[in-house]
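Q: Hey, can you walk me through this one? I'd like the fold and then the ligand site.

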Amino acid sequence: MATLRLEVVTPARTVIATEAESVTVPGVEGRLGFLPGHAPIVAGLTIGVLEYGPAHGSKQRMAVSGGFVEVADNKVSVLADAAELASEIDVARAMAAKERAERRLRERAANIDRARAEAALARALNRLRVANGR
Ligand code: ATP
């Protein structure tokens with residue numbers, strides 16, 4: 001079967017560069033799925049799960065924290081703010097980030113940037129979901 005070239009890059013590193021028969025990403029307006037031969041597209045990404053692998057069969061999962069995807073010529077390029085494979089996620093760190101964000105949201109202090117705390121909470125919950133295979 002034809003494949004897609006998938007590259008996931010963050011400001012820190014290339015997270016993966018691999019071949020896949022199918023890729024799904026968390027688009028800002030909903031999940032986007034790509035198979036070989038997909039029309040060219042550029043779309044924004046939200047915090048969520050990227051999956052890739054064989055068209056039928058078990059997929060690899062990755063936590064993505066927003067960014068962009070570009071598809072062209074059977075290449076899927078993801079430029080993400082941050083991205084981690086399930087196996088790379090530090091669960092204790094994500095738990096600590098979750099509790100920190102929840103505490104800030106609970107305190108409702110005037111000097112708290114709510115949107116920032118909500119985004120930190122969403123990143124932490126997403127990492128925990130991916131690390132736990134959910
Ligand atoms: P924290 O408050 O724990 O730093 P964060 O959501 O603010 O979490 P980001 O700014 O999204 O962190 O990411 C900074 C870098 O740390 C990125 O390279 C990201 O991949 C990595 N990273 C963040 N949290 C984890 C985690 N739980 N496990 C592995 N890598 C992580």
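This is a predicted model: local features need pLDDT of at least 70, side-chain atom pairs count only at pLDDT 80 or more; totals for chains, interfaces and linings use all residues.

Q: OK, how many helices and strands in the chain?

A: Two helices and eight strands, taken as DSSP runs (helices H or I, at least four residues; strands E, at least two) numbered from the N terminus. The order along the sequence is β-β-β-β-β-β-β-β-α-α.

Q: At what angle do the axes of H1 and H2 cross?

A: Roughly 150 degrees, with the axes of H1 (residues 91-107) and H2 (residues 114-131) coming within 8 Å. Axes are lines fitted to C-alpha atoms, for helices over the stretch in contact, and angles run from 0 to 180 degrees between N-to-C directions. H1 and H2 are therefore roughly antiparallel (over 145 degrees).

Q: Switching topic: which residues surround the ligand?

A: Among them are Ala82, Glu88, Ile89, Arg93 and Arg100, where near means a heavy atom within 4 Å.

Q: And which polar side-chain atom lies 2.5 Å from a ligand oxygen atom?

A: One of Glu84; a polar contact is a pair of N or O atoms within 3.5 Å. Arg123 also has a polar side-chain atom 2.6 Å from an oxygen atom of the ligand.

Q: What about Asp90?

A: There a polar backbone atom is 2.8 Å from a nitrogen atom of the ligand.

How values were computed
Residues are numbered from 1 along each chain as its sequence is written. Side-chain values use heavy atoms; hydrogens and water are left out. Angles under 35 degrees count as roughly parallel, over 145 as roughly antiparallel, 65 to 115 as roughly perpendicular and the rest as oblique. A polar contact is a pair of N or O atoms within 3.5 Å; within protein, one must be able to donate a hydrogen and the other to accept it, and residues adjacent in sequence count only if both atoms are side-chain atoms.
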